[in-house]
Amino acid sequence: MNKSDKNKKTAWQQLIGIVFMVLTGAVCGLIMVRFLSGSDKEASLGILAYAEIFIGLYATLIFHTLVHEAGHLVFGLLTGYGFCSFRIFSFMWVKDGEKLKLRRLSLAGTGGQCLMSPPDIKDGKMPFVLYNLGGSIMNAAVGALFLALYFICPNGSRTAPFVLLFAAVGFITAVMNGVPMRLGAVDNDGYNALAISKSSEAAEAFWVQLSIVGQSARGVRLKDMPEEWFRVPAEESMQNSIVAVRGVLACNRLMDEQKFNQADALMARMLAAESGMAGIHRGDRIYIELIGVARSEAIEAMLTKAQAKFMKSMRRYPSVLRTEYALALLLEKNAARAEGIRAEFEKAAKSYPYPQETESEQQLICLALNKSRGRT
């Protein structure tokens, strides 16, 4: 598929996602209109009625996010996966030995995430369908339960519209995540399952990605994991978004190993191929330039408005704070601002779920500090 066809396909997939979002709003709006019309005139115009609507909508979204991630967890456990972490919005429970610890992490484009370590590959195969689609299955099942409850609600009941709302959002969430589509830059669960089913290389990449998650949950740094997991796929293979993750992980490992020239070359290749996490790659390349020859024109070319916006949105990520620290210290020559950013880093590190990552980033911060002091 050439670049033009790929862009058209992605545009159509994103349009489908927008249509579903509009439909979600329309359905929720109609249900709430019914709620208001079921109240007396004074109540329908009162603050209390609108507060109930707002709380009901918010509660529905939180509830079905929780149900969705619980579906991944349940079906993952049923098919041999091991628990690593469970996140709802920015609250993340991480397995640490035999204990669960609460940490904080936000990931743009996702309301939650359940990460699990995969079972061993047997006869070249591994279970992936139920783990990927478990969230949608659970949303649909719970939606059906609420729909059944709606039909047994008394006529004129004030709770009936809210029960119907929980049912509708359940079905819509199931479709939004289960029917293969791209929502912005994020592939949904159905899209991932379809991509894995079509490619053995994607299946291997999926297994490697989750195996790295499992090792990270045990506190292992990327540089200490098996080298073969970080094999860089061919450029054509990385048109598959799941396969492309291996390239991203290879970049991250090279940064952890402090092999900066190799990391920069690979990230340049990833960016040219429009695969991987562009904002993260550009941030890492800015850092590499800063601690290297530090060409101001090269840094300014990479530090675009889009990149600055991305870094602002990912402000609490250790790697972003590390790059901002290096910018303040080495480009702006502002030691006071750099120390302020370092204090932010230390604060974020306390709640970040992967201490081995913050250890790696702390070492990179020290390299930037040594560079500012004329040390190598």
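Tutor: A cavity, on a 1 Å grid over the protein atoms alone, is a set of points where a 1.4 Å probe fits but cannot get out. The model discussed here is predicted.

Student: What volume does the largest cavity have?

Tutor: A search of the whole structure for cavities of 30 Å³ or more finds one. For the largest cavity, the computed volume is about 50 Å³.

Student: Which helix gives the most residues to the lining of the largest cavity?

Tutor: The lining is made up of Gly-279, Ile-280, Gly-283, Asp-284, Gln-307, Phe-310, Met-311, Ser-319, Val-320 and Thr-323, and by class these divide into four nonpolar, five polar and one charged. Helix H10 (278-291), helix H12 (305-313) and helix H13 (318-331) each supply at least two residues of that lining. With four residues, the helix that gives the most is H10.

Student: Turning to the pockets, which residues lie nearest the centre of the second largest pocket?

Tutor: The second largest pocket, with a volume of about 330 Å³, draws two or more lining residues from each of strand E1 (82-88), strand E2 (91-96), strand E3 (99-104), helix H7 (200-217) and helix H15 (355-372). The residues of its lining comprise eight nonpolar, seven polar and five charged. Of the 20 residues that line this pocket, those nearest its centre are Lys-95, Asp-96, Gly-97, Ala-217 and Arg-218.

Student: Is Asn-139 buried or exposed?

Tutor: Asn-139 has its place in helix H4, where the buried residues include Tyr-131, Gly-135, Val-142 and Phe-146. Because the cut-off for burial is a relative accessible area under 20%, and because Asn-139 has 0% relative accessibility, this residue counts as buried.

Student: Which residues is Asn-139 in contact with, leaving aside its neighbours within four places in sequence?

Tutor: Contact here requires heavy atoms within 4.5 Å, and the sequence neighbours of Asn-139 within four places are left aside. The residues that then remain in contact with Asn-139 are His-64, Val-67, His-68, Gly-170, Phe-171, Thr-173 and Ala-174.

Terms used: Residues are numbered from 1 along each chain as its sequence is written. This is a predicted model: local features need pLDDT of at least 70, side-chain atom pairs count only at pLDDT 80 or more; totals for chains, interfaces and linings use all residues. Side-chain values use heavy atoms; hydrogens and water are left out. Buried means under 20% relative accessible area, exposed over 50%, partly exposed in between (1.4 Å probe, protein chains only). On a 1 Å grid over the protein atoms alone, a cavity is a set of points where a 1.4 Å probe fits but cannot get out, and a pocket is an open set with protein on both sides within 12 Å along at least five of seven lines; lining residues have an atom within 4 Å of a point. Grid points are joined across faces, edges and corners, and a volume is the space filled by probe spheres set on the points. Ala, Val, Leu, Ile, Met, Phe, Trp, Tyr, Cys and Pro count as nonpolar, Asp, Glu, Lys and Arg as charged, and the others, Gly among them, as polar.
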